[in-house]
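Reader: I am new to this structure and would like to understand the words used to describe it. Could we go through them one at a time?

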Amino acid sequence: MLTVISPAPHRLAMSAEVADALAAGTAVVALESTILSHGLPPGRNLEVGRRLERTVRDAGAVPATIAVLDGQALVGLSPAQLERVCAPDAGLDKLSLRDLGPVLALGGSGATTVASTVALAHAAGIAVFGTGGLGGVHLPLPGTPVTWDVSADLGALARTPVLVVCSGMKSILDIPATLEVLETNSVPVLGYRTDEFPGFYLRSSGLPAPRRVDDPAQVAAVVSAHRHFADSGVLLANPIPPESEMDRTLHDRLLAEGLELVASRAVQGADVTPVLLEHFHTASGGVSLDANEELVVANVRLAAEVAVELAP
């Protein structure tokens, strides 16, 4: 059963479980669907989707996987809806925040990115979101001096008061430039039990973490204090578990190869990240897929622990 909380054509519906949890003040954690529909192969994506929801429950919170199906934004998927999102023939669009209006109004379906998940979570009243990696400023392609390719994730964080728990930016991005954009937009960036900012597949990007926190209670205290003065989100960067970290030499080789591949194919815009990640997955023999799964599981567990601390 779904509880519709917004009238057509701007439709947003919550599962009964999520609606009841929010009404009762129980901790809820938002989960995106793009990582399932576009980031993982069929079969494994459904296993991971179920594992993420189970991880949130085991930590004492309610999971709310978010997607758009048939013109309705869904906050909390039924088992059948989760299966549909993960189906090999799902044909879901990849929806950033700018895509929500057209897809909802025209009755379309799609999986939500960080930007659109943050927006829909906030609209539903969910304050914590666990994911894999944040989008950011792209690296210039070989032969080009600069890029104007900047993820909408950063703009969404700048104006939406949601805590995003991730393993930093995807390591295919320009991490120093991305951190600068977050600073400009007054988004606090926290390193979880680390003084070094994580690098997604790598535990360290080589850059310092602007602030360090060492337990969920400290994170919750920072989030609560920040909300008194600003409407921007908060980024909590949680390093990939040590046993799942990718070999740095392999990582750097795959990144260089991937950038050359993107340049040779003249790939642009929203297609760049999927091409780079697909190269990582195939050329690493599945190492990056394993790393991706373990880091996002660790992140949603931490997100649930913080959500429990934030719950009234």
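Reader: Which residues in helix 3 meet residues in helix 4?

Author: Asn45, Leu46, Gly49, Arg50 and Glu53 in helix 3 meet Leu82, Glu83 and Cys86 in helix 4, where contact means heavy atoms within 4.5 Å. This is a predicted model, in which local features need pLDDT of at least 70 and side-chain atom pairs count only at pLDDT 80 or more, while totals for chains, interfaces and linings use all residues. Residues are numbered from 1 along each chain as its sequence is written, and side-chain values use heavy atoms, with hydrogens and water left out.

Reader: Why are helix 3 and helix 4 called oblique to each other?

Author: The axes of helix 3 (residues 44-58) and helix 4 (residues 79-86) come within 9 Å and cross at roughly 140°. Angles under 35 degrees count as roughly parallel, over 145 as roughly antiparallel, 65 to 115 as roughly perpendicular and the rest as oblique, so helix 3 and helix 4 are oblique to each other.

Reader: Why are helix 6 and helix 7 described as roughly parallel?

Author: Helix 6 (residues 114-124) and helix 7 (residues 152-159) pack at an angle of about 25°, with their axes 8 Å apart. That angle falls under 35 degrees, and therefore helix 6 and helix 7 are roughly parallel to each other. Their contact is made by Val114, Ala115 and Val118 of helix 6 together with Ala152, Asp153 and Ala156 of helix 7, and by class it has 5 nonpolar, no polar and 1 charged residues.

Reader: What makes Asp153 count as buried?

Author: Buried means under 20% relative accessible area, exposed over 50%, and partly exposed in between (1.4 Å probe, protein chains only). Asp153 has a relative accessible area of 7%, so Asp153 is buried. Asp153, found in helix 7, touches Thr113, Val114, Ala115, Leu134 and Gly135, not counting residues up to four places away in sequence.

Reader: Why is Leu100 called buried?

Author: Leu100 has a relative accessible area of 7%, and is therefore buried. The place of Leu100 is in helix 5 (residues 97-105), and, leaving aside residues up to four places away in sequence, Leu100 touches Val68, Leu95, Ser116 and Leu120.

Reader: How many disulfides are counted by the rule?

Author: A disulfide is a pair of cysteine sulfur atoms within 2.5 Å, and by this rule the count comes to 0 disulfides.

Reader: What is the phi of Asp70, and why is Asp70 called partly exposed?

Author: Asp70 has a positive phi of about 55° although it is not a glycine, whereas most residues other than glycine have a negative phi. Asp70 is found in the loop between strand 4 (62-69) and strand 5 (72-75), and its relative accessible area is 47%, so Asp70 is partly exposed.

Reader: Why does Ser186 count as partly exposed?

Author: Ser186 has 48% relative accessibility, and therefore counts as partly exposed. Ser186 lies in the loop between helix 8 (175-184) and strand 10 (189-192), and has a positive phi of about 60° although it is not a glycine.

Note on methods:
Axes are lines fitted to C-alpha atoms, for helices over the stretch in contact, and angles run from 0 to 180 degrees between N-to-C directions. Helices (H or I, at least four residues) and strands (E, at least two) are DSSP runs, numbered from the N terminus. Ala, Val, Leu, Ile, Met, Phe, Trp, Tyr, Cys and Pro count as nonpolar, Asp, Glu, Lys and Arg as charged, and the others, Gly among them, as polar.
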